[in-house]
Amino acid sequence: MKKFSIVAAFIFIAASFATTASAQGAATPAGGLKVAVINTAAFDAKDGITRYLSAMNTLDAEFKPLETELQGLATKYQTLGTEIKKLQDQAAAGGPVPIDTKSAQAKVEEYQQLELTIKRKQEDGKVRAERRQQQVLGPLLGEIGKAMQDFGTQKGFDMILDLAKLDQAALILHVNMAKTDVTKDFITFFNARPATAATAAAPR
């Protein structure tokens, strides 16, 4: 779920591995350090990590009813706000038809109550979403982290950097993607691994 990328908080920066094997696809600076980059933002792409994308879709489906409910409440809230504003303008203009103050007050009270309801549902939903995110994605993220280490060791990388996080922090001045980006290789590597006991069961 792209918006759950409340979610996709990976920081696989500076994963050091003790190895002297050569690494195809990784840059080798003058000092001999073999560095690669992996774009974790690509994990939930169509051709990304299969189980990660499936988990995100599971979360999307689970919270879709709440999202739809909040959208409906927000629409009603905006409609009431427009109606109240119209009544206020009519009262200020002092038109020939008097305003039904009882009806207007009822709208204001409904508007205020609706605002409280929306805030409560948003807060409750956020807490529940974060809890479910940890339940659904936590074990998988741990598995991805372990696979990152295995992948780095197997390929002989001394360091793997998260391209997505570096880009967000505006820390990238130059990177030779052809030589350092091993995102597709890692995704293929991970997708070929069997799920562990912690992540094999379907999320509930």
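**Entry 1. Terms and model**

I began with the rule for directions: angles under 35 degrees count as roughly parallel, over 145 as roughly antiparallel, 65 to 115 as roughly perpendicular and the rest as oblique. I noted that the model is predicted, that local features need pLDDT of at least 70 and side-chain atom pairs pLDDT 80 or more, while totals for chains, interfaces and linings use all residues. Residues are numbered from 1 along each chain, and side-chain values use heavy atoms, with hydrogens and water left out.

**Entry 2. The chain overall**

I looked up the secondary structure and found six helices and two strands (DSSP runs numbered from the N terminus: helices are H or I of at least four residues, strands are E of at least two). Along the sequence I read the pattern β-α-α-β-α-α-α-α. Of the 204 residues, 33% count as buried (under 20% relative accessible area; exposed is over 50%, partly exposed in between, with a 1.4 Å probe and protein chains only). I then checked contacts (heavy atoms within 4.5 Å). Among those between residues at least 6 apart in sequence, 87% join residues at least 24 apart.

**Entry 3. H1 and H2**

How do the axes of H1 and H2 cross? I found that the axes of H1 (residues 50-93) and H2 (residues 101-155) come within 10 Å and cross at roughly 170° (axes are lines fitted to C-alpha atoms, for helices over the stretch in contact, and angles run from 0 to 180 degrees between N-to-C directions). H1 and H2 are therefore roughly antiparallel to each other. Their contact comprises 24 nonpolar, five polar and twelve charged residues (Ala, Val, Leu, Ile, Met, Phe, Trp, Tyr, Cys and Pro are nonpolar; Asp, Glu, Lys and Arg are charged; the others, Gly among them, are polar).

**Entry 4. H5**

Which residues of H5 (residues 183-191) are buried? I listed Thr183, Phe186, Ile187, Phe189 and Phe190. Seen down the axis of H5, these buried residues fall within an arc of 160°, so they line one face of the helix (the arc is that of the directions from the helix axis to the C-beta atoms). On the other side of H5, I found Lys184 and Thr188 exposed. The cover over the buried residues of H5 includes strand E1 (35-38), H1 and H2.

**Entry 5. H2 and H5**

I found that H2 and H5 pack at an angle of about 115°, with axes 10 Å apart. Residues in this contact include Leu140, Ile144 and Phe151 of H2, and Phe186, Phe189 and Phe190 of H5. By class, I recorded eight nonpolar, one polar and three charged residues in the contact of H2 with H5.
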